[in-house]
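Here is a short briefing for a first look at this structure. Have the sequence and the model open as you read.

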Amino acid sequence: MGKRRLALCAGVLAVTAFGPAACAANAANGEDVSVAPAAPAPGGDIALRVTGCDAREAVARSTALVSDARLTPDDDGDGLAGDGRVRSTATDGTYTVAVACDGTEHRGTVQVVRKRTPAAGAEPSARPSPVAPVNAGAGGAARDLAGGPEQHGPGTAQTVVALALAGTAAFTVHRAARRQARRGRRTG
């Protein structure tokens with residue numbers, strides 16, 4: 001599944017799971033616009049929903065968003081819904097999301113939260129990945145070769161085996177050619 005489809009499905013799932021609770025919380029705050037997730041990171045996808053709007057279409061605007069988000073009727077028929085993306089350059093903070101609908105402006109907020117980085121000099125809790133060569137075919141030979149001495153070309157044993165196989169193949173081809181030549185003389 002592509003990243004966009006996965007993000008869309010996750011957003012729809014979040015709205016479905018947390019939508020009623022978010023709408024109730026927003027209604028208590030006097031907000032008609034809900035955002036899921038409520039605290040996205042910069043560059044993250046969000047699902048927007050507005051209630052109390054009977055229009056067929058609306059646009060959500062915010063300085064936190066890359067562009068205006070188009071909202072269309074949701075599956076429940078209780079409002080309008082759509083998707084947006086937070087600007088990757090957005091700083092931490094609370095941003096207003098405004099939707100103009102039927103001559104009324106509906107408002108909500110989105111809390112942008114940057115990923116926290118450990119303090120300077122702090123040891124990471126887990127080792128960064130990858131820590132060793134990846135077993136990507138060759139029967140794990142990358143792991144053996146990574147720590148061992150560098151080898152150039154085949155060794156003596158491989159050379160002897162290769163010469164024996166080449167000699168056997170040449171002898172077999174020569175014998176087959178001689179047999180065919182003898183059969184040709186007998187028939188002709």
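Two strands count as paired if DSSP finds at least two bridges between them. Strands (E, at least two residues) and helices (H or I, at least four) are DSSP runs, numbered from the N terminus. This is a predicted model: local features need pLDDT of at least 70, side-chain atom pairs count only at pLDDT 80 or more, and totals for chains, interfaces and linings use all residues. Residues are numbered from 1 along each chain as its sequence is written, and side-chain values use heavy atoms, with hydrogens and water left out.

- Seven strands make up an open sheet, and their order is 1-2-5-4-3-6-7. The pairing is antiparallel.
- Strand 1 and strand 7 are the edge strands, each pairing on one side only.
- From one strand to the next, the twist averages 25°. Here axes are lines fitted to C-alpha atoms (for helices, over the stretch in contact), and angles run from 0 to 180 degrees between N-to-C directions.
- In general, strands of a sheet pair through backbone hydrogen bonds, either parallel or antiparallel.

**Strand pairs**

- Strand 1 and strand 2 run antiparallel and are joined by four bridges. Val 33 stands opposite Val 50 in strand 2.
- Strand 3 and strand 4 also run antiparallel, with three bridges between them. Ala 58 has Leu 71 in strand 4 as its bridge partner.
- Two bridges pair strand 4 with strand 5 in the antiparallel sense. Thr 72 has Ala 81 in strand 5 as its bridge partner.
- Strand 4 and strand 5 form a hairpin, with five residues between them. Gly 77 sits in the turn and has a positive phi of about 75°.

**The nonpolar core**

- A nonpolar core is a set of buried Ala, Val, Leu, Ile, Met, Phe, Trp, Tyr and Cys residues joined through side-chain atoms within 4.5 Å. Buried means under 20% relative accessible area, exposed means over 50%, and partly exposed lies in between (1.4 Å probe, protein chains only).
- The largest such core has 22 residues. Leu 48, Val 50, Ala 60, Leu 71, Val 97 and Val 99 touch the most other members.
- Strands 1 (33-36), 2 (45-51), 3, 4, 6 (93-101) and 7 (104-112) each give two or more residues to this core. Strand 6 gives the largest share, four residues.
- Contact means heavy atoms within 4.5 Å. Beyond its neighbours within four places in sequence, Leu 48 is in contact with residues including Val 35, Ala 60, Leu 71, Leu 80 and Val 97.
- Val 35 lies in strand 1. Val 35 is buried, at 10% relative accessible area.
- With neighbours within four places in sequence left aside, the contacts of Val 35 include Ile 46, Leu 48, Val 97 and Val 110.
- Val 35 and Asp 83 are 48 residues apart in sequence, and their C-alpha atoms are 9.4 Å apart.

**Salt bridges**

- A salt bridge puts a side-chain nitrogen of Lys or Arg within 4 Å of a carboxyl oxygen of Asp or Glu. The whole structure holds five.
- Arg 85 pairs with Asp 45, with the closest N and O atoms 2.7 Å apart. Arg 85 is in strand 5 (residues 79-85) and Asp 45 is in strand 2, so this pair links parts of the chain 40 residues apart. 
- Arg 85 is partly exposed at 36% relative accessible area, and Asp 45 is partly exposed at 32%.
- Arg 49 pairs with Asp 74, with the closest N and O atoms 2.1 Å apart. Arg 49 lies in strand 2 and Asp 74 in the loop between strand 4 and strand 5, so the pair ties together parts 25 residues apart in sequence. Both Arg 49 and Asp 74 are buried.
- Asp 68 pairs with Arg 61, with the closest N and O atoms 3.2 Å apart. Asp 68 is partly exposed at 43%, and Arg 61 is partly exposed at 46%.

**Ser 62**

- Ser 62 is found in the loop between strand 3 (58-61) and strand 4 (69-73). Ser 62 is buried, with a relative accessible area of 13%.
- A polar contact is a pair of N or O atoms within 3.5 Å; within protein, one must be able to donate a hydrogen and the other to accept it, and residues adjacent in sequence count only if both atoms are side-chain atoms.
- The Ser 62 side chain reaches the backbone nitrogen of Ala 64 at 3.1 Å. A polar atom of that side chain lies 2.9 Å from the backbone oxygen of Thr 96.
- Apart from neighbours within four places in sequence, Ser 62 is in contact with Tyr 95, Thr 96 and Val 97.
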